[in-house]
Amino acid sequence: EEEVAEYRKGLAIRVSGFDVPKPIKLFEECGFSTALMGAITKQGYEKPTTIQCQALPIVLSGRDVIGIAKTGSGKTAAFVLPMIVHIMDQPELGKGEGPIGVICAPTRELAHQIYLEAKKFAKPYGIRVGAVYGGVSKLDQFKELKAGCEVVVATPGRLIDLLKMKALTMLRATYLVLDEADRMFDLGFEPQIRSIVGQIRPDRQTLLFSATMPYKVERLAREILSDPVRVTVGEVG
Ligand code: ADP
Ligand code: MG
């Protein structure tokens with residue numbers, strides 16, 4: 001196992017894992033299509049943030065990633081952009097199939113922010129993003145999911161409800177993101193997360209993001225990720 005440490009812009013970057021793809025400095029190095037580059041520019045993103053520089057090439061290579069970085073570091077794009085690429089590489093959804101990408105977040109506010117960002121990048125491709133959290137009528141969500149969504153952004157409780165209602169199945173899910181894992185544990189969602197993960201094929205790509213790594217989150221990560229690369233971006237000192 002190699003461990004790479006470097007310091008940039010007052011940030012300590014630690015990367016550990018086997019055969020880790022090298023970081024990038026520019027979005028142009030990611031091999032994104034013109035449409036995706038256009039969406040990135042439209043968002044006003046000129047250069048990738050520190051966590052994006054490290055995580056994008058690793059996630060794009062198909063590896064599992066544990067990303068540890070504080071709020072505001074740009075984690076969303078680090079998992080949403082490769083998700084778009086992943087989905088475009090998969091066969092189209094048949095009737096009653098989907099989602100391919102599943103993103104879990106602790107609260108409806110956080111889920112909604114991810115939903116908005118995912119929609120912006122998904123739009124040029126006609127990738128449908130479903131919102132599966134409180135504040136939106138469950139019946140509307142049921143209908144939306146039945147019509148087909150390549151991506152769902154969800155809070156764990158509502159996702160479990162809709163899975164029980166058979167609004168969606170996980171048969172096509174191959175890209176799973178657990179965002180703000182520590183907060184999901186603080187809110188008592190560990191059983192729901194385990195249930196959701198248990199319904200997704202084991203050869204999926206799994207990404208876990210967290211601001212902190214308490215023992216319980218570490219234990220879950222060990223159980224559900226395979227040969228992950230760990231990227232930690234923290235303040236120096
Ligand atoms: P985190 O999930 O780490 O808290 P977000 O993904 O929510 O961070 O990003 C924080 C803010 O930074 C958002 O407003 C987002 O639009 C912006 N942002 C993300 N990536 C970039 C980038 N490469 N360049 C400029 N702004 C960015
Ligand atoms: Mg975030």
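**Exercise 1. Work out how the axes of H2 and H3 are placed relative to each other.**

Solution. Start with the distance: the H2 and H3 axes come within 9 Å, and they cross at roughly 25°. That angle makes H2 roughly parallel to H3, since angles under 35 degrees count as roughly parallel, over 145 as roughly antiparallel, 65 to 115 as roughly perpendicular and the rest as oblique. The axes here are lines fitted to C-alpha atoms, for helices over the stretch in contact, with angles from 0 to 180 degrees between N-to-C directions.

Now the residues. On the H2 side you'll find Ile51, Gln52, Ala55, Leu56, Val59 and Leu60, and they meet Lys75, Ala77, Ala78, Phe79, Leu81, Pro82 and Val85 in H3. Contact means C-beta atoms, placed from the backbone, within 7 Å. By class, this contact has eleven nonpolar, one polar and one charged residues. Ala, Val, Leu, Ile, Met, Phe, Trp, Tyr, Cys and Pro count as nonpolar, Asp, Glu, Lys and Arg as charged, and the others, Gly among them, as polar.

A quick note on what you're looking at: this is a predicted model, where local features need pLDDT of at least 70, side-chain atom pairs count only at pLDDT 80 or more, and totals for chains, interfaces and linings use all residues. Residues are numbered from 1 along each chain as its sequence is written, while chains are lettered from A and ligands numbered from 1 in the order in which they are written.

**Exercise 2. Explain why H2 is described as largely enclosed by the rest of the structure.**

Solution. H2 covers residues 50-60, and nine of its eleven residues are buried, so the helix is largely enclosed. The buried ones are Ile51, Gln52, Cys53, Gln54, Ala55, Leu56, Pro57, Ile58 and Val59. Buried means 20 or more other C-beta atoms within 10 Å of the residue's own, exposed means 12 or fewer, and partly exposed is in between, with C-beta atoms placed from the backbone. Just after H2, Gly62 takes a positive phi of about 95°.

**Exercise 3. Do the analysis again for H3 (residues 75-88) and H4 (residues 108-122).**

Solution. These axes come within 10 Å and cross at roughly 40°. H3 and H4 are therefore oblique to each other, and their crossing is right-handed. Thr76, Ala77, Val80, Leu81 and Ile84 in H3 meet Ile114, Glu117, Ala118, Phe121 and Ala122 in H4. Sorted by class, that contact has eight nonpolar residues, one polar and one charged.

**Exercise 4. How many helices and strands does the protein chain have?**

Solution. The count is nine helices and nine strands. Helices (H or I, at least four residues) and strands (E, at least two) are DSSP runs, numbered from the N terminus.

Technical notes. A crossing is left-handed if the near helix is turned anticlockwise from the far one by less than a right angle, and right-handed if clockwise. Two residues are in contact if their C-beta atoms, placed from the backbone, lie within 7 Å.
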